[in-house]
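This report walks through a two-chain model. Keep the structure open while reading.

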Amino acid sequence: MHSLSVVIGALPSILSGSLVTLGIVFAALAIGLVLGLFFAILQVYGRSWQRALIHIYIWFFRGFPILVLLFLGYGLFVALSLPVQPFLISCVVLGLTSTAYQSQIFRGAILSLRPGQMKAARALGMKDSQAIRSIIIPQALRLSIPGWSNEYSILLKDSAICFVLGTQDIMARTAFAAARTHEHLALYACAGAIYFVLTLIIVKILAKLEKRLHIPGYTSVSGEAL
Amino acid sequence: MNEQVILEVKDISLSVGPKSILSHCSLTLHKGELKVLIGPSGAGKSTLLQCINVLTQADSGQILLEGREVMTQNAKELCCYRTKVGMIFQDFKLFDHLTAIENVSIALRKVRGMSKEEAKKRAMQELERVNLAEQRELYPAQLSGGQKQRVAFARALAMDPLVLLLDEPTSALDPELVGEVLAVIRDLASGGMTMIMATHQMDFIRAISSEIIFMENGHIVEQGPPESLLGENAQSRTKQFYNSLASV
C-alpha cells in the first residue's frame with residue numbers, strides 16, 4: 001500500500017508536469033505545421049536551390065539524435081546569449097525537428113493529389129500563390145491528418161527526453177519523486193499511463209476530425225486504385 | 001461570318017531536348033468560329049492548346065489576343081490573359097475538395113474578387129446553363145463523367161472567356177455520356193462562342209466546325225473548311241485520316 005500512497009502523493013506534481021509536456025508538444029507541432037507546410041510547398045514548387053537547402057535541413061534533423069540536438073540547442077542559446085530557459089529550448093528544438101518530419105508528410109500529401117489541380121487553377125487565371133492557398137493546401141491538409149496524428153504521438157513521447165535540460169515535464173517530475181522515494185516501479189508505471197492516455201485522447205480527436213472533414217467519395221488517388 | 005480576329009497564334013515552336021514537339025504552328029481564330037484540331041495521337045494537338053494558354057511555355061512564337069501581343073513572361077498579364085481564355089481538359093480536372101457550385105465560384109471569388117453571394121449567384125446561372133442546378137452541392141466524386149465535364153464548362157464560362165480551348169473534351173467519357181457534352185458545345189457554338197477544339201468526333205466536326213486544322217508530327221499540315229477538306233473529291237491528308245478512322 002506504500003507504493004500507492006507514494007503515487008497519490010506525487011500525482012499532483014506529475015499531472016502539472018503533463019501541462020508542461022503538452023505545452024512543449026503543441027508548441028513544437030505548431031512550429032512544425034507552419035514551417036513544415038512552407039518547406040513542403042517549396043520542395044514541390046520551389047527552385048532547385050530552395051529544394052537543395054531544404055533537403056540539407058531535413059537530413060540534418062533526421063540524422064541527429066534528439067538528445068544531441070537538445071544539447072546543441074542549449075549550447076547555441078548560451079553562445080547567442082539568449083535566455084537559457086529549458087522549456088523554450090525544448091519547444092524550439094522539438095519544433096525544428098518536427099518541421100523536418102512534417103514537411104515530408106505534407107510533401108507526400110501534395111504529390112498524391114490528383115494530377116492537374118494546379119494546372120486547372122492556373123488556367124482559370126489564379127496566381128500560383130492563390131492556387132496553393134485555396135486549392136492545394138486544403139486538399140493536402142486533409143490527406144495529412146493520419147500522418148500528422150502519428151507525428152503527434154511520436155513527438156509526445158520524444159518530449160520525455162527534454163528532462164535532461166531540466167524541463168519540468170512529466171518525466172522530470174516522476175524522476176524527482178522516484179529518486180526521493182525509491183518507488184521507481186509504481187511511479188514510472190503511472191507516468192507511462194499518463195503518456196498513454198494523452199496519446200489516446202488526441203489521436204481519437206484527430207480521427208474524429210478526419211471523419212468530419214471527409215469529402216464524400218474522395219480519397220487520394222492511391223486509395224482509389226485499391 | 002464576322003471577321004473580327006479574337007486570337008492569333010504565330011509561329012509557335014517547342015522542342016524537348018532534340019525532339020521537336022511543335023514547329024512553326026500558326027492559326028487565327030475569328031469571332032464565333034469553331035476550329036477543330038485533328039490528327040493522330042502524338043501530333044501535338046494537346047501541346048499546342050497548352051501553349052496557347054501558356055500552361056506549357058513555348059520556345060518561340062507570339063500570341064495576340066484581340067490584336068494585342070500577350071507578354072507571357074509577365075505573371076500578372078499572364079493571369080489576366082488566362083481569365084479570357086478558358087480551358088476544358090480531357091480529364092476535367094475539377095477541384096476534388098469542392099462541390100460543383102464551389103468549383104464554379106472559387107475563381108470568381110479569388111480572381112474576380114466577387115463576394116461569396118455574388119459568386120454563388122453567378123455560379124448558379126452557369127450550372128443552370130449546363131443543366132446541373134440540382135447537382136450543385138455534390139462533390140466531383142459523386143458526379144458522372146459527363147456531369148463533371150459540364151461542371152468544367154460552367155467553371156470556364158463563369159469567367160466570361162473570349163475563347164474556349166477544348167482538349168478532347170469527350171475522349172474520357174463513356175459513349176452514352178458523349179452526347180450531353182457535345183450538346184453543350186453545340187449550344188455554345190450557336191451562341192457565338194469562339195472555340196478551338198482537339199477531338200476525334202469526326203461526324204460532329206463535319207456538322208458544326210467552321211474550319212479543320214490537321215496536325216501531324218508537330219506541324220500544321222493543312223487547314224480549311226470541312227467541305228473542302230472532307231468533300232467528295234477532296235484529295236487531302238485530312239480525308240485519308242478520316243477514312244482510316246471510318247474503316248475501323
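## Chain A: contacts and fold

In chain A, 79% of the contacts with a separation of 6 or more join residues 24 or more positions apart. The model is predicted. Chain A holds nine helices and zero strands. Read from the N terminus, its elements run α-α-α-α-α-α-α-α-α.

The C-alpha trace of chain A spans about 70 × 45 × 25 Å along its principal axes. Chain A has 226 residues, and 34% of them count as buried.

## Confidence

For the complex, the predictor gives an ipTM of 0.92 and a pTM of 0.88. Chain A averages a pLDDT of 93, with 95% of its residues scoring at least 70. Chain B averages a pLDDT of 93, and 99% of its residues score at least 70.

Over residues 220-226 of chain A, pLDDT stays under 50. The model has six contacts beyond four places in sequence for that stretch.

## Helix packing in chain A

Helix α2 (residues 48-63) and helix α4 (residues 86-111) of chain A pack with their axes 9 Å apart. The angle is about 115°. The crossing of α2(A) and α4(A) is left-handed.

Which residues meet here? From α2(A) come Y57(A), I58(A), F61(A) and R62(A). From α4(A) come L96(A), T97(A), A100(A) and S103(A). By class, this contact of α2(A) with α4(A) has five nonpolar, two polar and one charged residues.

## The loop residue G46(A)

G46(A) sits in the loop between α1 and α2 of chain A. Is G46(A) buried or partly exposed? G46(A) counts as partly exposed because it has 16 C-beta neighbours inside 10 Å. The cut-off for buried is 20 or more.

G46(A) can also be placed against W148(A). The two are 102 residues apart in sequence. In space they are 23 Å apart, C-alpha to C-alpha.

## The largest nonpolar core

In soluble globular proteins, nonpolar side chains tend to be buried together. Here the largest nonpolar core has 120 residues. Which of its members touch the most others? They are L37(B), A154(B) and L165(B). Helix α1 of chain A, residues 2-45, gives the most to this core, with 12 residues.

A154(B) has a set of contacts that leaves aside its neighbours within four places in sequence. V104(B), L127(B), V130(B) and L132(B) are among them. E126(B) and R129(B) also belong to the set.

## The interface between the chains

How many residues does each chain bring to the contact? Chain B brings 22 residues and chain A brings 21 residues. On the side of chain B that touches chain A, the elements that give two or more residues are α2 (75-84) and α3 (100-110) of chain B. The most comes from α2(B), with five residues.

That side of chain B divides by class into 13 nonpolar, four polar and five charged residues.

Terms used:
Residues are numbered from 1 along each chain as its sequence is written. Chains are lettered from A and ligands numbered from 1 in the order in which they are written. This is a predicted model: local features need pLDDT of at least 70, side-chain atom pairs count only at pLDDT 80 or more; totals for chains, interfaces and linings use all residues. A nonpolar core is a set of buried Ala, Val, Leu, Ile, Met, Phe, Trp, Tyr and Cys residues joined through C-beta atoms within 7 Å. A residue is buried if 20 or more other C-beta atoms lie within 10 Å of its own, exposed if 12 or fewer, and partly exposed in between; C-beta atoms are placed from the backbone. Helices (H or I, at least four residues) and strands (E, at least two) are DSSP runs, numbered from the N terminus. Two residues are in contact if their C-beta atoms, placed from the backbone, lie within 7 Å. Axes are lines fitted to C-alpha atoms, for helices over the stretch in contact, and angles run from 0 to 180 degrees between N-to-C directions. A crossing is left-handed if the near helix is turned anticlockwise from the far one by less than a right angle, and right-handed if clockwise. Ala, Val, Leu, Ile, Met, Phe, Trp, Tyr, Cys and Pro count as nonpolar, Asp, Glu, Lys and Arg as charged, and the others, Gly among them, as polar. pLDDT is the predictor's confidence in each residue, from 0 to 100.
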